[in-house]
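Keep the structure open beside you as you read.

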Amino acid sequence: MIRPMLNKTLPSESQNSASPYHFTAKILKDDKPKPDPAGILHIASEWGLANGENLIMVGDSIDDMTAGHMAGAATVLLLNERNVHLKEHPHTDLCIKRLDDLVGILEEGFLGTRGSDEHGA
């Protein structure tokens, strides 16, 4: 499920081993599906974090944005033709058109606030 999304949203050069960009995905099978934040909170716990405040939830649905929001994570909406209406949703902190758009944003210091969505798509 993750590979097709990466193929659609990342340029092919960023998927090879020589690329300076590295995206990892952790898929968690949990009996509490999104929008329950349990999966995100579980990942935070595995990484030694008390909660989701230092995480970023990247997704493409209202369930993704709500799960991230409820976990205390910053949320990033990966825009597509079916979810553009979520751009102004209160659970969406930032919008991007491609996953690799997030690299520069993170390098600049993304805080997870919508106050100045200068990086929004």
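Buried here means under 20% relative accessible area, with exposed over 50% and partly exposed in between (1.4 Å probe, protein chains only). In a regular strand, side chains alternate between the two faces of the sheet. S2 is mostly covered, with 5 of its 5 residues buried. Strands (E, at least two residues) and helices (H or I, at least four) are DSSP runs, numbered from the N terminus.

A word on the basis: this is a predicted model, in which local features need pLDDT of at least 70 and side-chain atom pairs count only at pLDDT 80 or more, while totals for chains, interfaces and linings use all residues. Residues are numbered from 1 along each chain as its sequence is written, and side-chain values use heavy atoms, leaving out hydrogens and water.

**The sheet.** An open sheet is formed by 3 strands in the order S1-S2-S3, with parallel pairing. The edge strands are S1 and S3, each pairing on one side only. From one strand to the next, the twist averages 25°. Two strands count as paired if DSSP finds at least two bridges between them; here are the two pairings.

| Pair | Sense | Bridges |
|---|---|---|
| S1 and S2 | parallel | 4 bridges |
| S2 and S3 | parallel | 3 bridges |

Within these pairings, Gly 59 stands opposite Leu 77 in S2, and Leu 77 stands opposite Cys 95 in S3. Leu 78 has Ile 96 of S3 as its bridge partner. H4 packs on the sheet, touching S1, S2 and S3, and its direction makes about 140° with that of S3. Such angles run from 0 to 180 degrees between N-to-C directions, with axes fitted as lines to C-alpha atoms, for helices over the stretch in contact.

**The core.** Which residues make up the largest nonpolar core? There are 9: Ala 74, Val 76, Leu 78, Leu 94, Ile 96, Leu 99, Leu 102, Ile 105 and Phe 110. A nonpolar core is a set of buried Ala, Val, Leu, Ile, Met, Phe, Trp, Tyr and Cys residues joined through side-chain atoms within 4.5 Å.

How values were computed:
Contact = heavy atoms within 4.5 Å.
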